[in-house]
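Hi everyone, thanks for coming. Please have a look at the structure on the screen, and I'll walk you through a few parts of it.

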Amino acid sequence: MALAALASGPLAGRAQAQARPDEQSMFGGPAAPSTPAAPPAEGTPAAAPPAATNQPAAAAATPAAGGGSDRDRFVLGDPNAATKLGADAAPDNPLTIGGQLYLRAQTSLPWHGDPDTWTLAAPSLIDVFFDARPNDRVRAYLLGRVSYDPTAAPGSSAVAPSTTGVDMPTTGFTSFNSTRGPAALLDQMWIAFDIERRVFVTAGKQHVKWGTGHIWTPTDYLHPTKRNPLDIFDIRSGVTMLRLQVPFEEQAANLYGYAVFEDPNTASSRLEQVAGAVRAEFILLGAEIGLDVFAKKGQKARFGVDLSTGVGDFDVYADAAIRYGEDFYVVTEDNPTPARLSGVKTQLVAGASWSRKYNDNDLFTIGAEYFYNQPGYTGSGIYPILIQQAAMHLDLPLANFFYLGRHYAAVSLALPAPYSWNYTTFTLSTLGNLSDGSYVSRLDYSVTFLTHLTFQAFAALHFGQEGGELRFQYVANGVTIVPTPFVDLGVALRLKF
């Protein structure tokens, strides 16, 4: 339920957890801090690792009943004994297999059109994961995804939802590819372990999110593409990297180091193309602070700072990205050729959420978020030129939707399990581009039944300035190529297994 994502994170607390896929199990989030092999998630203070397992050392070879020695039984005879190379015994079931099946259908009605112009899409997908934990200090995770849309044109199974070109923002359920498919994608594949219970290592294709923003994430430098905030969950694939975490328990701090091997836009077969990054997390005056640096050859360093804290009854957070203008390409009416900006540019996110109990076991959550995007455009007049140039320069990030305008805002209201409807969630949300005056409001509904099956439905309304980002229209030579959306409707069935 795309716009439900506006209220699914801390914007609405954990109010809509039952309406979203379980990202902990689906996307391989770190395990609880008590498991050394999966260190604490970034953005949380470090926790003390558990005490080492008291496994008996191999005893001296002494005669034993039935022949052999204690050492023989320790290594070979006892099925519950640890292996020769470690002192941690494997659990009875070291491998977990699961996933989700998502069947969806959605339609859109243009502002200027009759029912004959309604569109139909059914971008369904299946995720399957393998989670292996042979002991409490080692973990391996793999997640694959296959999508299929019977309503799309047959052809290539290419799967990259592009952030360039003329891809339009969607308010429906998460899309995956623009062709019929089936299309396959490797989302995650990583191994995690610790070194002397002091350094925690995760190597492979993985998800790491920087920053505290929930709708807009300007400091999320480790992901090469920005998340569509209208998606029900984040479908971007992971990035191949080496991550090291060193917790400082007494200071309630974490230090992270990264080597990023993957570049989505080009081959990265030379050592000089590996990017490096550092993140520090600590607590200052009761607030959780994060400081980021991302560097790569051929581009200037990028910096970020974020914080989250409580102010009275409010959960407050902020995110600031500090980047050089050379990172941004823009066009103007006087000079439609894409050109880099100069100087230092800032992108700032600030938000808060507030929960109120209205019944013995019921509460509602209100969330709000504001985004200041200094490199953004102040109006929609430049959009036709921008789209034309984006189609001609597919290698440049020109049409990054939800990052086009200078000012944005979002508000949401979530009602999880109201009164006796214990498995139902309602979410009402609105996202707006304040610079061009376009908006989209959305009502989401979800109900879980038969324990693992969830029905979801949504209705979204686009309004405001015609031709704005969220009521977009692209006209070429007097012909409307992309019609202005009016209403989006969708239903889905999600089965977790």
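The protein has three helices and 24 strands; helices (H or I, at least four residues) and strands (E, at least two) are DSSP runs, numbered from the N terminus. Please keep in mind that this is a predicted model, where local features need pLDDT of at least 70 and side-chain atom pairs count only at pLDDT 80 or more, while totals for chains, interfaces and linings use all residues. Residues are numbered from 1 along each chain as its sequence is written, and side-chain values use heavy atoms, leaving out hydrogens and water.

How much of the protein is buried? Of its 497 residues, 44% count as buried, meaning under 20% relative accessible area with a 1.4 Å probe, counting protein chains only.

Now let's find strand E9, residues 253-260. Six of its eight residues are buried, so E9 is largely enclosed by the rest of the structure. Which strands pair with E9? Pairing here means that DSSP finds at least two bridges between two strands. Strand E8, residues 239-248, pairs with E9 in the antiparallel sense over eight bridges, and Arg243 has Tyr258 in E9 as its bridge partner. E8 and E9 form a hairpin with four residues between them. In that turn, Ala252 has a positive phi of about 50°. Strand E10, residues 275-284, also runs antiparallel to E9, joined by seven bridges. There, Gly257 stands opposite Val278 in E10.

Finally, let's visit Gln456, in strand E21, residues 453-464. Gln456 counts as buried because its relative accessibility is 0%.

Notes:
Buried < 20%, exposed > 50% of the residue type's maximum accessible area, 1.4 Å probe, protein only.
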